[in-house]
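Please open the model in a viewer and keep the sequence at hand.

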Amino acid sequence: MNYNESLQELQRIVMELENNPTDIEELSKKLKRAQELIKACKDKLTKTDEEIQKLIENKN
């Protein structure tokens with residue numbers, strides 16, 4: 001799953017949580033999935049930042 005797909009799924013989860021009351025089990029599943037998506041997005045952003053920094057360093 002790429003960054004945009006992860007972000008879109010995360011946004012869907014947030015909208016569902018804001019608009020639809022859910023039971024505790026479903027809430028737990030959605031929050032766990034949201035944590036996974038946040039980590040995946042953060043990891044991708046960190047990796048991209050590191051790649052950009054390397055390019056900048058190599059250019060100088």
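Select Asn 4, Met 15, Glu 18 and Asn 19: these exposed residues lie on the face of helix 1 that is turned away from its buried side. The model shown here is a predicted one.

Now extend the selection to the whole of helix 1, residues 3-19. Its 17 residues reach 24 Å from the first C-alpha to the last, close to the 24 Å expected at 1.5 Å a residue.

Which residues of helix 1 are buried? Select Ser 6, Glu 9, Leu 10 and Ile 13 to see them. Viewed down the axis of helix 1, these buried residues fall within an arc of 100 degrees, so they line one face of the helix. They pack against helix 2.

Next, move to helix 2, residues 24-59, and select Lys 30 within it. Is Lys 30 buried or exposed? With a relative accessible area of 13%, Lys 30 is buried, because buried means under 20%. Beyond its neighbours within four places in sequence, Lys 30 is in contact with Ile 13, Glu 16, Leu 17 and Thr 22.

The following selections concern charged side chains. Side chains of opposite charge can pair when their charged atoms come close. The count of salt bridges in this model comes to four.

Select Arg 33 and Glu 9, whose side chains meet in a salt bridge at 2.9 Å, N to O. This pair links distant parts of the chain, with Arg 33 in helix 2 and Glu 9 in helix 1, 24 residues apart. Glu 9 is buried, at a relative accessible area of 17%, whereas Arg 33 is partly exposed, at 28%.

The closest N and O atoms of their salt bridge are 3.2 Å apart. Glu 36 and Arg 33 are three residues apart in helix 2 and are therefore separated by about one helical turn. Glu 36 is partly exposed, with a relative accessible area of 39%. Together, Glu 9, Arg 33 and Glu 36 are linked in a network of salt bridges.

Finally, select Asp 43 and Lys 39, which form a salt bridge at 2.8 Å, N to O. These two residues are four places apart in helix 2, so about one helical turn separates them. Asp 43 counts as partly exposed at 39% relative accessibility, while Lys 39 counts as exposed at 53%.

Terms used
Residues numbered from 1 in each chain as written. Predicted model: local features only at pLDDT ≥ 70, side-chain atom pairs only at ≥ 80, totals over all residues. Heavy atoms only, no water. Buried < 20%, exposed > 50% of the residue type's maximum accessible area, 1.4 Å probe, protein only. Contact = heavy atoms within 4.5 Å. Expected span 1.5 Å × (residues − 1). Arc of directions from axis to C-beta.
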